[in-house]
Amino acid sequence: MRSLTPEAVRFLASPAAQAELAALAGEPLDPLTTVATLRKRWGADEAAWIYDQARLRRKGRAKFPYADALLFEAEALEQASAGPVARWRAERVFGPYDRVADLGAGIGGDALALAAAGKRVLAVELDPVRAALLEHNAAALGLAERVGVLRADWRTLDLDVEAAFADPARRRGGRRTVRLDAMEPPLADLQRLAGRVPAVAVKLAPALDRRELPPETGLGFVSLAGELKEALAGFGALAWSEPWAAVLPAGVRLGGPEGPARTGPVGAYLYEPDPAVIRAGLVRRLAVELDAWQLDPQVAYLSADERRTTPLARAWEVLEQGPFRQRDIGAWLRTHGAGAVEVKRRRSPVDPALFEKKLKRTLSAGGPTLTLFLTRVRDRPWAVLGLRV
Ligand SMILES: C[S@@+](CC[C@H](N)C(=O)[O-])C[C@H]1O[C@@H](n2cnc3c(N)ncnc32)[C@H](O)[C@@H]1O
């Protein structure tokens with residue numbers, strides 16, 4: 001990939017380059033033939049910029065709903081928030097605020113979502129190329145009036161806004177970090193910001209160490225399609241007093257104090273809470289909502305005799321269960337004519353991939369895919385065979 005310059009961005013934003021990009025949208029892209037065709041009309045730099053951009057737009061479709069109208073830069077696209085998460089955050093976390101700053105806005109994953117949610121956005125970006133790309137992107141989506149792009153270090157600015165969002169870079173020298181003092185900018189700068197802006201939310205790696213945050217910080221976790229995406233730390237008016245989990249695309253939020261401890265045997269259904277619920281420490285709170293109980297106080301599997309439909313957990317109908325014995329499990333799989341088996345574990349030392357291999361000979365062609373849970377019940381190794389509902 002050829003690196004972008006402000007001049008390259010000006011070229012890519014021109015009507016002629018935009019027309020080339022539009023023409024390439026549905027075409028196969030080949031580094032030799034496509035570039036050779038482009039070279040008939042353009043110089044080497046221009047042809048490379050167009051080709052790279054055509055590829056990035058394709059990649060961008062996974063994150064941006066209107067990727068084919070936007071311009072990207074490879075690393076900034078990697079760092080950009082996924083569309084549904086940015087949209088949810090803009091509408092639900094920043095819902096009450098009108099003037100919002102996006103500090104370190106990149107190419108606009110969040111700034112554009114905030115503007116689309118009706119906010120007036122001050123988007124600050126240090127890098128001149130990214131700032132130029134964001135300016136183009138806001139205009140391309142008809143949001144230029146709502147997004148003011150400032151190429152600056154936000155730490156030097158007087159911020160006259162009601163709320164601020166920051167998504168600090170978590171890569172340094174090509175390596176990812178979850179350490180809050182190694183982010184760019186580090187946590188200390190973001191904490192100082194909380195003294196100047198009434199409401200501040202900061203996107204962090206979900207694997208963060210809670211102890212690195214000041215105790216009064218609000219904390220929530222967001223998942224998308226079952227994958228844990230981010231932690232959100234809140235300061236000032238956004239210092240939520242209780243942890244929360246948001247599960248997307250359903251847009252369901254679970255919050256509150258952790259529920260009472262309730263454990264019991266395996267019932268008719270087994271639930272696996274969404275990773276955001278688990279990470280937020282809300283497994284027992286979810287148990288209250290589902291009228292369910294934990295199989296073990298240390299294990300994030302819930303069980304119940306009646307099933308409630310929820311996006312906050314995946315559910316299985318229990319077909320068999322008992323103390324962990326390999327020959328019993330083989331017999332269960334034969335009895336139910338399993339065609340495939342997926343092994344999941346919590347508090348079990350068994351390697352799921354190796355165990356799946358061992359169970360292969362008990363499977364019958366064309367049968368359903370069943371799930372085998374290896375866990376502990378009353379502190380004994382336990383197995384549960386389930387059918388996903
Ligand atoms: C993780 S990216 C932001 C991605 C963005 N939220 C999105 O969804 O597209 C962080 C950005 O912050 C910028 N940045 C880092 N420190 C900054 C500072 N002090 N002032 C302004 N921008 C900064 C980096 O150049 C980078 O583009």
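In this predicted model, β15 supplies the largest share of the lining of the second largest pocket, three residues. A pocket is an open set of points on a 1 Å grid over the protein atoms alone, where a 1.4 Å probe fits, with protein on both sides within 12 Å along at least five of seven lines; lining residues have an atom within 4 Å of a point. Strands (E, at least two residues) and helices (H or I, at least four) are DSSP runs, numbered from the N terminus.

The second largest pocket holds about 280 Å³ of space, a volume being the space filled by probe spheres set on the points, which are joined across faces, edges and corners. Its lining comprises 21 residues, and nearest its centre lie Thr310, Pro311, Ala313, Arg314 and Arg388. Two or more lining residues come from each of β10 (244–248), β12 (269–273) and β15 (313–323). By class, the lining has 12 nonpolar, three polar and six charged residues; Ala, Val, Leu, Ile, Met, Phe, Trp, Tyr, Cys and Pro count as nonpolar, Asp, Glu, Lys and Arg as charged, and the others, Gly among them, as polar.

The largest pocket contains about 960 Å³ of space. Of its 45 lining residues, Gln79, Asp167, Pro168, Ala169 and Arg170 are the closest to the centre. The elements giving two or more residues are α5 (74–79), β1 (99–103), α7 (109–116), β2 (120–125) and β9 (227–236), and α5 gives the most, with four. This lining divides into 19 nonpolar, seven polar and 19 charged residues.

Residues are numbered from 1 along each chain as its sequence is written. Local features need pLDDT of at least 70, side-chain atom pairs count only at pLDDT 80 or more, totals for chains, interfaces and linings use all residues, and side-chain values use heavy atoms, with hydrogens and water left out.
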